[in-house]
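Please keep the sequence and the three-dimensional view at hand while reading.

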Amino acid sequence: MTDQILEPGNVVSAGTATTKNDAIKEAGALLVAAGAVTQAYVDSMFDREASVSTYMGNFLAIPHGTNEAKESILHSALSLVRYDTPIDWDGNPVRFAVGIAGLNNEHLAILSKIAIVFSDEDEVQKLIDAGNAGEIYALLEEVNAE
C-alpha cells in the first residue's frame, strides 16, 4: 500500500466510454481495481451525479460518491481517464473524467489541487497533447505532494 493518491496504473490515456454514465463507470472501475473503494461507492457516484453535475469546466468532470457512501472508501485515490472524443456531460464537453475517493475529507485537498491544474488552460492543453498515460501522470504527479 502506498500513500500516493494518484497511481500511474490509475491513469488511462484513451478511455473507451462514449457516454457520461459509461465514463463514470470507467473512472469508478479504476478505483475499485486499485482497492480504493467497493462497488457500492461507484453506485453512489451515479447518485451524486443525479443530484448535481460534477462537470467543472475546461473539459473536466470529477465524478465522486455521496457522503453516505463514505464507508465504501478503503483508502484515498484518484483515477483519471482521458477521452480523445469529448463526452457530452449534460451538454458540456468532457475530455477528462477524474474519479475521486477521499477518506477523512482528504478529497477536499485533492480536489483543490486538481482544480488548480485544470484552471490553467495551458496545463489542460498539455494534458490533451500528452502522448501516453505516463506523460499524463508526470504532468499530474504534483497532486501527490503533501
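UniProt positions are given here in the numbering used for this chain, feature names are shortened, and annotations may be inferred rather than shown by experiment. With that in mind, an unreviewed UniProt entry lists residues 4-143 as "domain: PTS EIIA type-2". The model discussed below is predicted.

- An open sheet is formed by 5 strands, and their order across it is β1-β4-β5-β3-β2. The pairing within this sheet is mixed.
- The edge positions are taken by β1 and β2 (55-57), each of which has a single partner strand, so one side of each is left without a neighbour in the sheet.
- Strand β2 pairs with strand β3 (residues 60-61) in the antiparallel sense, and 2 bridges join them.
- Tyr55 has Ala61, in β3, as its bridge partner.

**Helices against the sheet**

- Helix α3 (residues 106-118) packs on the sheet, where it touches β3, β4 and β5. The direction of α3 makes about 155° with that of β5.
- Helix α5 (residues 133-140) lies across β1 and β4, and α5 runs at about 135° to β1.

**Helix α1**

- Helix α1 covers residues 20-33, which is 14 residues. At 1.5 Å a residue, α1 should span 20 Å, and because its end C-alpha atoms are 20 Å apart, the model agrees with that expectation.
- The buried residues of α1 are Lys20, Ala23, Ile24, Glu26, Ala27, Gly28, Leu30 and Leu31.
- These buried residues pack against four elements: β1 (6-12), α2 (39-51), β4 (77-89) and β5 (92-101).
- After α1 comes Gly35, which has a positive phi near 75°.

**The loop between β2 and β3**

- Asn58 lies in the loop between β2 and β3. The phi of Asn58 is near 50°, a positive value in a residue other than glycine.
- Phe59 also lies in the loop between β2 and β3. The phi of Phe59 is likewise positive in a residue other than glycine, near 70°.

**An aromatic pair**

- The structure holds 1 aromatic pair. The pair consists of Phe96 and Phe118 in an edge-to-face arrangement, 5.3 Å from centre to centre and with 65° between the planes.
- This pair links distant parts of the chain, since Phe96 is in strand β5 and Phe118 is in helix α3, 22 residues apart.
- Phe96 has 0% relative accessibility, which is under 20%, and therefore counts as buried.
- Phe118 is buried as well, with a relative accessible area of 3%.

- Asp47 is found in helix α2. Asp47 is partly exposed, with a relative accessible area of 48%.
- Asp47 and Gly65 are 18 residues apart in sequence, and their C-alpha atoms are 7.3 Å apart in space.

How values were computed. Residues numbered from 1 in each chain as written. Predicted model: local features only at pLDDT ≥ 70, side-chain atom pairs only at ≥ 80, totals over all residues. Heavy atoms only, no water. Expected span 1.5 Å × (residues − 1). Buried < 20%, exposed > 50% of the residue type's maximum accessible area, 1.4 Å probe, protein only. Contact = heavy atoms within 4.5 Å. Pairing = 2+ DSSP bridges. Axes fitted to C-alpha atoms, helices over the stretch in contact; angles between N-to-C directions. Phe/Tyr/Trp six-rings, centres within 6.5 Å; stacked < 30°, edge-to-face > 60°.
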